[in-house]
Amino acid sequence: MATDEQRLRVAVLGAGLIGIDLADKIRRSKKLELALVAGRDRDSLGLRRAAGMGHPTTDGGIHAVAEGGPFEAVFDATNADSHVEHWAALQPTGTTLIDLTPTGLGTVIVPGVNSHRAAGRRHLNLVSCGGQVAIPVLHAIAQRCTPTYIEVVSTGASASAGRATRLNLDQYIATTSAAIRTFTATPDAKVMVNLSPARPAPPFRVAMTVLADGIRPAPVRTSIATAAQAVRAYTPGYKVTSLAVAPGRISVAVEVTASGSRLPRHAGSVDIINAAAVLLAEQSAATSR
């Protein structure tokens with residue numbers, strides 16, 4: 001494991017809300033050194049903020065990252081449509097690419113559920129913010145009963161959804177649905193997304209409905225509580241706000257409030273996926289040294 005003097009050299013690709021919060025989280029990590037923040041607009045607010053935090057910046061995008069290494073890990077905080085090009089450019093460099101876009105490519109990782117699968121793999125995908133919230137709970141439920149149908153409704157503040165997030169909503173839904181089916185062995189999963197313009201902005205909320213056979217209430221409740229506690233180890237604002245267990249049906253709601261110094265509290269969607277990404281960088285890059 002790296003010491004403070006041997007921090008792992010990483011780069012962030014993308015200078016939007018997600019990228020800048022990543023930069024802040026990496027700055028506070030004892031295991032990572034942020035060597036570059038790359039965007040495509042030299043006048044963007046994100047690059048100016050990154051520079052103001054003292055990080056090297058470039059408007060050269062993926063080409064600057066590919067040529068500016070070596071990096072132990074690169075975080076892709078751009079959009080799903082661009083990610084294939086980014087992986088093609090970075091694959092020959094030997095870096096670990098951590099994908100925060102909803103492409104579904106690479107090895108899909110949800111910390112606390114299957115983070116062991118990241119070891120030795122250089123292309124990691126974090127599903128989506130909604131997936132990072134829902135899958136730990138749904139996976140825990142699936143260990144205690146046999147789900148036949150799962151429905152997940154994510155509601156986030158409109159102010160916390162940037163342009164890339166809005167452009168990728170179709171991919172978000174498809175990738176999250178596929179990951180839920182994989183992690184729960186459930187044949188039918190439906191995912192919906194709401195962006196709320198309400199003021200004050202609401203916290204990120206994910207409501208889950210599970211139809212299942214063989215439900216035993218006490219073990220289900222215990223497993224959900226254990227899963228939530230594991231997520232709170234890296235996302236303190238993660239909280240199960242309601243849970244109802246009835247014959248054939250489980251209803252769970254989770255809220256995530258952001259705890260980072262640069263995020264508003266309602267941006268829990270950004271907080272959880274970025275926290276998961278930094279955790280993976282600290283773990284997977286360390287094993288690849």
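## Overall form

The model is predicted. Its chain contains nine helices and 12 strands. The C-alpha trace spans about 55 × 45 × 30 Å along the principal axes. For 289 residues a compact globule would have a radius of gyration near 19 Å, and the 18 Å of this chain agrees with that.

## Burial and contacts

Of the 289 residues, 53% count as buried. The accessible surface amounts to about 12400 Å², with 51% of it belonging to carbon and sulfur atoms. Among contacts between residues at least 6 apart in sequence, 68% join residues at least 24 apart.

## Charged side chains

The chain carries 29 positive and 21 negative side chains, and the centres of these two sets are 7 Å apart. Five salt bridges are counted.

Two of the salt bridges share D24. This residue pairs with R27 at 2.5 Å, N to O, and with R28 at 3.3 Å, N to O. D24 and R27 lie three residues apart in helix α1 (residues 17–28); R28 and D24, four apart in helix α1, are separated by about one helical turn. D24 is buried, at 0% relative accessible area, while R27 is partly exposed at 40% and R28 partly exposed at 46%.

D59 forms a salt bridge with R42, with the closest N and O atoms 3.1 Å apart. The pair links distant parts of the chain, D59 being in the loop between β3 and α3 and R42 in the loop between β2 and α2. D59 counts as partly exposed at 31%, whereas R42 is exposed at 63%.

A network of salt bridges links D21, K25 and D271.

Terms used: Residues numbered from 1 in each chain as written. Predicted model: local features only at pLDDT ≥ 70, side-chain atom pairs only at ≥ 80, totals over all residues. Heavy atoms only, no water. Helix = DSSP H or I, 4+ residues; strand = E, 2+ residues; numbered from the N terminus. Rg over C-alpha atoms; globule rule 2.2 N^0.38 Å. Buried < 20%, exposed > 50% of the residue type's maximum accessible area, 1.4 Å probe, protein only. Contact = heavy atoms within 4.5 Å. Areas by Shrake-Rupley, 256 points an atom, 1.4 Å probe, with all protein chains shown as cover. Lys, Arg positive; Asp, Glu negative; His and termini not counted. Charge placed at Lys NZ, Arg CZ, Asp CG, Glu CD. Salt bridge = Lys/Arg side-chain N within 4 Å of Asp/Glu carboxyl O.
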